[in-house]
Each structure stands twice: as structure tokens, then as C-alpha cells.
Amino acid sequence: MRFEHHAIDDSPPCGRLFVCQPTDLTGDGYPDLIVGGMGAEDLPVLGDRSIPLIGRLLRRLENDLFWYENPGAGRHNGGSEWTRHTISSASDLHALGSTLGDVNGNGRLDLIVGQGYGRNDIYWFEQPSDPRDRWTKHLIADDFSKYHDLAFGDVDNDGEPEVVGLSQESETVFYYDVPADPSQSPWPSEQLTVVSRGVDVEGLAIVDIDGDGGNELIAGTAIYRKAAATGGPDQPSSRPVEADGGEESDLAPEWTREHIVTGWDWTRVAVGDLDDDGELEVVFAEGDSPIYGEHMGRVGWFDPPNWEPHILSDELYCPHTVQVSDFDGNGSPDIYVAEMGLGENDASAQHIRFHNQGGGEFREEIVESGIPTHEAKAVDVDGDGRPDIIGKSFEPNVHVDVWYNRS
């Protein structure tokens, strides 16, 4: 299988990139790309030296939130034709977790961003009628700290979407109901629901994982379910779950938790029917191992109802990208994993496609080596009907890239 790499931007205006959200902002049928981050930790000024005062001044010239306009039909032979636009010119946004959602119900996707590393704010940026104009920033709340992951969807099965998040520093899984007037800042405190405390994890997905007609929340390596309302989907009885155990429990009383696996660190998550049995399987990749762990990163998929593990690799360097998509059109979704660089692994960072042979049998293929990426997404960038890969690095060597599926 052949993927063709092109650089979209080899000099983005932010020194640490985290946000990577492809979506069609212009309405031309081609996905554009929203990118953002936290800015450089230490800006070099003279060679390898950094002068703090000048470094802070240079930091103010950075831009933490922007997007790239897809060049459109027939113009994907190079990356130079992507046009960069500013969402917010703030240099101190410190963007970490993000998601897309139509917050105000006007039919346009807005951007929801949570701050990282000692910061407390969650914002939503209102998409204007022309996305090339500046987006209006609204404060949602500042209840927790360091939001690694956010999602937008109906997690409590009330028919309305919520803003769902993981706060690592506050060790909390939570969501906010969208108020009638989402432009008020901050949102009223009664919009907040805490699902669980004492939970410091990564990876978030809202999905009907068991096919019962109601959504569940995957947070870290566990599934959270809200107790069914009358007439709603029933809680599956064949799978072991934890229920609230009283005052000492970290779970809200109306929620249960089912562990898919334990002992996995800092996981990214994806789902798909990997073995053609009509059920959804769950894929985890240890996106920050070995940087924040004691072993190399693992990637594997887990098969319900007992979540039988299938380990695909246990020797990866920070595989912070995991996507499930049918890259060759054989009807069975593949698993795509890519490594970060972090200045230590740049020359050998790999992109790996675990090619699904059918029935959940996978063959490992190296797609790319030497171009690290982070939070890359599988999406049809050029409109040829095949999923491509679009992403960006994290730090310190920042770049935005696309890998066209030329199979």
C-alpha cells in the first residue's frame, strides 16, 4: 500500500501543537484542518541559547489556534496550496483537548477547546458565517484543570448533546449540558455533572458500544453507563460492572463502570467492527509510553463480551495516533498507528498500518518512517473516495502534514 507525503506547513505559528480537527468549514465538500496548541515551552534565540525576556516577547508572536483551507478538487499535488487562517490571535490560550460540535444549533460546527497544564478554562469558539473571519470565544467553565480530551455528544441519552471531558490534574470525568443560551459566560453551575472522580486517564469516545440503542462513554480503558430511564435502553446484565458503593465511591450514584482492561497507560481509543461479527471492538494505543510509563507503547484490540485482548505491538514509541478505517476498500477496517518524535525519536518515528485480512486477522505494514506525527486523523482529504491521513507533530520540530492514499 502506498501513501504519498506532502507538507502542508513546515513552519506553523505555534511551538507545541495538540489540536488536530479535520472538518469542512467552507462547504466545498473537502475537509479543512483546524490546528492549535500550547506554544513553545522555551524559545531559542541565539543558537541553542534562550534569553528569557526575549523568549517571552517571541512567545507573544505565536498563534495558538488556526486552520488550513483545503485547496479543493484537482489541487493535491503539493502542500503549498493550503491557506492558513487565524481563529484566535491569543498567544496564551494553551489549547490542549478539543472537539467539534454545533453548540448554538445554527448548523455550523463550532470548536471546543480545553486548556492544559495548570490552567482551568474550557472555551467554545463560535464559527462565523465566513470561517475566514475571527471566531468569537465564549467561556464554558473553569471548574477543573488540564483537559486532555473533550467530546461532544449525547452521553446521558436525554436526546441532547453535551460537552464531555477528562480533567487529568483534577482527576475527573464530567460533562456540561448546553444551556438555552450557550453564549453566556460561564455556563450556569447546574449544567455540570460529575461522572467520576479519582480518574487520571486519556482517551474519550461517545458510542453505542454494546448495540443497545443508547450511548456509552469510553474514558481511558473503562466504559461508563448511565442508568437507563423508563423506556430507554437497558443496562446489559451479562457484563461485570462496578456500581456506586456509597460515600467512598468515585462514581456518581446513577453511573456504572466496566473495565475493558487494566494496567494500560495513557491510552488513545478507537472503535470498529474488526472481526466482521457485527459487534464493535475497542482499540487502545498507549500514546505516551514510554515517556510517562515504564515500558514501550502497546497497541491492541479488545473483543466483547469478555474483552479478549489481541496485542498487535508492544514496542512502539508514544503511538499517540490510532485510527480505524478501511484504507484499501476490502470491507474490513484497518488499524492505523503513528509515533511521536519529541526530539528523541524523530528520525525513526513510524506510521504503521495493521492491514485487516478479514475476520480480525492483521498484517503489519510500515507506511512511513522518519516523519513523526501526533493525533493524526483518517479522512478523505482529496475527494477520491479513499481515506488519507492528515496530522501534525507535537514538539519540538513542528510541522503539519498530509499522507495521500495512492493505493
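A: In this predicted model, Arg225 has a relative accessible area of 3% and is therefore buried, since burial is counted under 20%. Its salt-bridge partner is Glu258, and the closest N and O atoms of the two are 2.8 Å apart. Arg225 belongs to strand 16 (residues 222–226) and Glu258 to strand 17 (residues 255–259), so this pair ties together parts of the chain that are 33 residues apart in sequence. Glu258, at 1% relative accessibility, counts as buried as well.

The next pair is Glu365 and Arg353, whose side chains meet in a salt bridge with an N to O distance of 2.9 Å. Here Glu365 lies in strand 25 (residues 362–369) and Arg353 in strand 24 (residues 350–356), and the pair, 12 residues apart, links distant parts of the chain. Both Glu365 and Arg353 are buried.

A further salt bridge joins the side chains of Arg268 and Glu202, at 3.8 Å from N to O. Arg268 is in strand 18 (residues 267–272), whereas Glu202 is in the loop between strand 13 (192–197) and strand 14 (204–207), and the two are 66 residues apart. Both of these residues, Arg268 and Glu202, are buried. They also take part in a network of salt bridges that links Asp149, Glu202, Arg268, Glu375 and Lys377. For the structure as a whole, the number of salt bridges is 20.

Ser170, in the loop between strand 11 (162–167) and strand 12 (172–177), is partly exposed, with a relative accessible area of 29%. Its side chain reaches the backbone nitrogen of Ser145 at 3.0 Å, and the C-alpha atoms of Ser170 and Ser145, which are 25 residues apart along the chain, are separated by 5.7 Å. Apart from neighbours within four places in sequence, Ser170 is in contact with Phe144 and Ser145.

Strand 20 in turn runs antiparallel to strand 21 (residues 308–316), to which 6 bridges join it, and Gly297 has Leu316 as its bridge partner in strand 21. The two strands form a hairpin with 4 residues between them, and Trp307 in the turn has a positive phi of about 55°.

Technical notes
Residues numbered from 1 in each chain as written. Predicted model: local features only at pLDDT ≥ 70, side-chain atom pairs only at ≥ 80, totals over all residues. Heavy atoms only, no water. Buried < 20%, exposed > 50% of the residue type's maximum accessible area, 1.4 Å probe, protein only. Contact = heavy atoms within 4.5 Å. Polar contact = N/O pair within 3.5 Å; in protein donor to acceptor, adjacent residues only side chain to side chain. Pairing = 2+ DSSP bridges. Salt bridge = Lys/Arg side-chain N within 4 Å of Asp/Glu carboxyl O.
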